[in-house]
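Hi there,

Here is the structure I promised to pass on to you. Have a look at it first, and then read my notes below.

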Amino acid sequence: MEIVKVYERLLTEFGRQFWWPAETRFEMMVGAILTQRTTWSAVEVAIRKLKRKKLLNPHALANSNPQLVEAMVRQTGFYRQKARRIRKLANHLVEGYGGSVDRFLRKPWQELRSELRSLEGVGRETADVILLYAANQLVFPIDAYTQRFSRRFGLGDLDYEGLKAHFEEQMPKDLQVYKELHALIDELGKKYCKKAPECPSCILSDTCPKNLTDAIRPIST
Ligand code: SF4
């Protein structure tokens, strides 16, 4: 089944996801770092606390007290590391761009991707999420849900860049579709395509190679 058909089915099943849930592009970038290895609900708490202390802008965060930021993001886990990383991001924006998120995100996307990846704690996935949701670039991030789904759905064992290229080749050049599909695959991963997949009730069960293989597997005696 083509990726675009998968998108249509998931959209019908789950509806629009309206990612990324953030009021500003800086908040989106901070959230992308905080969400590593934790739940979104923990990130929401941290974001609320940072907002209450008026720290969710580059100048304020760059000049903030490190211990205060650690306390704000504590529930997201690895809080010392994450506090340091979001403060470094803020510093980068202040020192290189006068604190202007727009100036930073306006760069050509390949250049921006390299620069993001040079920051502590920003790997390929985090950089690509920022490129898609904050910089509005046609870049498709590959997270753990997408990798798991792709492997089961018969896209083979492509590496990060291979899988990213595969999605980008198959999808219409439409920013909204990119943003929604990434979120919809995550929803599929949480509802059906879990570590232990719930194939019989999955919306893709009639077309997914994994489900079809399981269905014809002989019962062992
Ligand atoms: S049918 Fe099963 S393996 Fe395939 S996408 Fe759905 S839950 Fe995942």
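Before the notes, one term: two residues are in contact when they have heavy atoms within 4.5 Å of each other. Please also keep in mind that this is a predicted model.

Let's start with a pair of helices. Phe 26, Met 29, Val 30, Ile 33 and Leu 34 in H2 are in contact with Lys 82, Arg 85, Ile 86, Leu 89, Ala 90 and Leu 93 in H6. Nine of the residues in this contact are nonpolar, two are charged and none is polar. The axes of H2 (residues 25-34) and H6 (residues 79-97) come within 9 Å and cross at roughly 150°. Angles over 145 degrees count as roughly antiparallel, so H2 is roughly antiparallel to H6. The crossing is right-handed.

Now for the charged side chains: the structure holds 17 salt bridges. One of them joins Arg 80 and Glu 70, at 3.8 Å from N to O. Arg 80 lies in helix H6 and Glu 70 in helix H5 (residues 66-73), 10 residues apart. Arg 80 is exposed at 52% relative accessibility, whereas Glu 70 is buried at 16%.

Another salt bridge pairs Glu 161 with Arg 113 at 3.1 Å. This pair links helix H11 to helix H8 across 48 residues. Glu 161 is partly exposed, at 31%, while Arg 113 is buried, at 13%.

Finally, Glu 187 and Lys 191 form a salt bridge at 2.5 Å. Both sit in helix H12 and, because they are four residues apart, about one helical turn separates them.

Enjoy exploring!

Technical notes
Residues numbered from 1 in each chain as written. Predicted model: local features only at pLDDT ≥ 70, side-chain atom pairs only at ≥ 80, totals over all residues. Heavy atoms only, no water. Axes fitted to C-alpha atoms, helices over the stretch in contact; angles between N-to-C directions. Helix = DSSP H or I, 4+ residues; strand = E, 2+ residues; numbered from the N terminus. Parallel < 35°, antiparallel > 145°, perpendicular 65-115°, else oblique. Left-handed = near helix turned anticlockwise from the far one by under 90°. Nonpolar A, V, L, I, M, F, W, Y, C, P; charged D, E, K, R; others polar. Salt bridge = Lys/Arg side-chain N within 4 Å of Asp/Glu carboxyl O. Buried < 20%, exposed > 50% of the residue type's maximum accessible area, 1.4 Å probe, protein only.
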